[in-house]
Amino acid sequence: MDIQFLGTGAGQPSKARNVSSLALKLLDEINEVWLFDCGEGTQNRILETTIRPRKVSKIFITHLHGDHIFGLPGFLSSRAFQANKEQTDLEIYGPRGIKSFVLTSLRVSGSRLPYKIHFHEFNQDSLGKILETDKFTVYAEELDHTIFCVGYRVMQKDLEGTLDAEKLKAAGVPFGPLFGKIKNGQDVILEDGTEIKAADYISAPRPGKIITILGDTRKTNASVRLAVNADVLVHESTYGKGDEKIARNHGHSTNMQAAQVATEAGAKRLLLNHISARFLSKDISQLKKDAATVFENVHVVKDLEEVEI
Ligand SMILES: [Zn+2]
């Protein structure tokens with residue numbers, strides 16, 4: 001499982017940073033890629049990666065500001081041009097209004113898609129668990145921005161324990177249907193009367209990963225709730241230390257506030273994105289240094305950077 005950052009800049013693109021988008025690559029888990037936000041130029045960034053647009057099965061939008069959604073019509077249209085490839089449907093989750101934005105853009109530009117889009121719109125009253133599959137559950141909660149904006153908590157379900165085949169062989173269990181029974185947790189008795197307890201041959205289930213991806217926000221308790229015990233918290237850092245007042249006025253956070261959220265939530269790792277073009281590279285290292293005084297395992301991400309979870 002990896003996160004690849006497609007755009008890590010705030011507000012408008014710069015040479016170094018495109019506007020917001022990231023890909024949660026779940027190829028080993030479910031052979032899918034989930035996009036979070038889709039700022040203008042996201043499809044160009046994708047061209048520089050190994051991500052295949054038809055693998056993008058779900059898109060989650062945090063809020064309707066342009067730097068988070070203007071790339072959608074272009075991405076959706078280009079996704080249609082994958083000739084001779086299976087055109088799989090796509091799900092879009094986001095605040096109410098996202099459907100009308102997408103359908104209007106497609107209609108007035110005469111764009112026709114050979115696949116279906118299923119929209120899942122929500123507002124303040126319909127948040128909480130927004131998606132559950134056999135492997136993942138996704139929750140959304142409202143943050144504190146200048147317009148309705150949400151953060152997402154993606155929870156992988158616990159992974160089943162694995163069968164220790166070598167140990168079974170050593171215990172004299174013949175390879176075959178008995179292996180299947182033991183794997184399903186059933187105790188068995190061998191022909192010679194030996195009892196094999198399934199629990200002795202299956203490793204303990206491993207806890208699933210928790211990934212928290214927030215939209216633009218002031219510091220708020222909702223961010224902490226979404227990030228409780230997260231393996232990775234992706235948090236905006238539009239401003240730096242000392243800019244708390246201006247951050248508040250513009251509906252954003254500083255690096256220090258992001259670090260406080262990570263600390264309060266007991267997250268394992270903090271990735272800062274949504275970085276203003278005002279910051280030069282020496283400022284970026286300062287952003288990290290300052291944040292690390294509050295939360296040590298912090299990193300300021302770059303466009304196209306890939307982080308293993
Ligand atoms: Zn915004």
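Trainee: Which protein atoms are the donors of the zinc ion?
Mentor: This is a predicted model, and in it the donors are H63 through NE2, H65 through ND1, H145 through NE2 and D216 through OD. They lie 2.2 to 2.4 Å from the zinc ion.

Trainee: What geometry does the site of the zinc ion have?
Mentor: Irregular, with angles of 86 to 173° among the 4 donor atoms. Water is not among the atoms, so the site may look incomplete.

Trainee: What spacing do the donors follow along the chain?
Mentor: The pattern is H-x1-H-x79-H-x70-D.

Trainee: And which parts does the pair H145 and D216 tie together?
Mentor: H145 sits in the loop between strand 8 (136–142) and strand 9 (150–156), while D216 sits in the loop between strand 12 (210–214) and helix 8 (221–227), so the pair links parts that are 71 residues apart in sequence.

Trainee: Are H145 and D216 buried or exposed?
Mentor: Both H145 and D216 are buried.

Trainee: Now the strands. In what sense do strand 8 and strand 9 pair?
Mentor: Antiparallel, over 7 bridges.

Trainee: Why is strand 9 largely enclosed?
Mentor: Because 6 of its 7 residues are buried, the rest of the structure largely encloses strand 9.

Trainee: Switching to helix 10, how many of its residues are buried?
Mentor: In helix 10 (residues 255–265), 8 of the 11 are buried, so this helix too is largely enclosed by the rest of the structure. Among the buried ones are N255, M256, Q257 and V261.

Trainee: What covers the buried residues of helix 10?
Mentor: The cover includes helix 8, strand 13 (232–236), helix 9 (244–249), strand 14 (270–273) and helix 11 (281–292).

Trainee: What about the ends of helix 10?
Mentor: At the start, a side-chain oxygen of T254 comes to within 3.3 Å of the backbone nitrogen of M256. Just after the helix, G266 has a positive phi of about 70°.

Trainee: Last topic, the whole chain. How many helices and strands does it have?
Mentor: The protein chain has 11 helices and 16 strands. Of its 309 residues, 50% are buried. Its accessible surface is about 14900 Å², with 49% of that belonging to carbon and sulfur atoms.

Conventions
Residues numbered from 1 in each chain as written. Predicted model: local features only at pLDDT ≥ 70, side-chain atom pairs only at ≥ 80, totals over all residues. Heavy atoms only, no water. Donors = N, O, S within 2.8 Å, 3.2 Å for Na, K, Ca; no water. Tetrahedral: all angles 85-135°; square planar, octahedral: opposite > 155°, others 65-115°. Helix = DSSP H or I, 4+ residues; strand = E, 2+ residues; numbered from the N terminus. Buried < 20%, exposed > 50% of the residue type's maximum accessible area, 1.4 Å probe, protein only. Pairing = 2+ DSSP bridges. Contact = heavy atoms within 4.5 Å. Polar contact = N/O pair within 3.5 Å; in protein donor to acceptor, adjacent residues only side chain to side chain. Areas by Shrake-Rupley, 256 points an atom, 1.4 Å probe, with all protein chains shown as cover.
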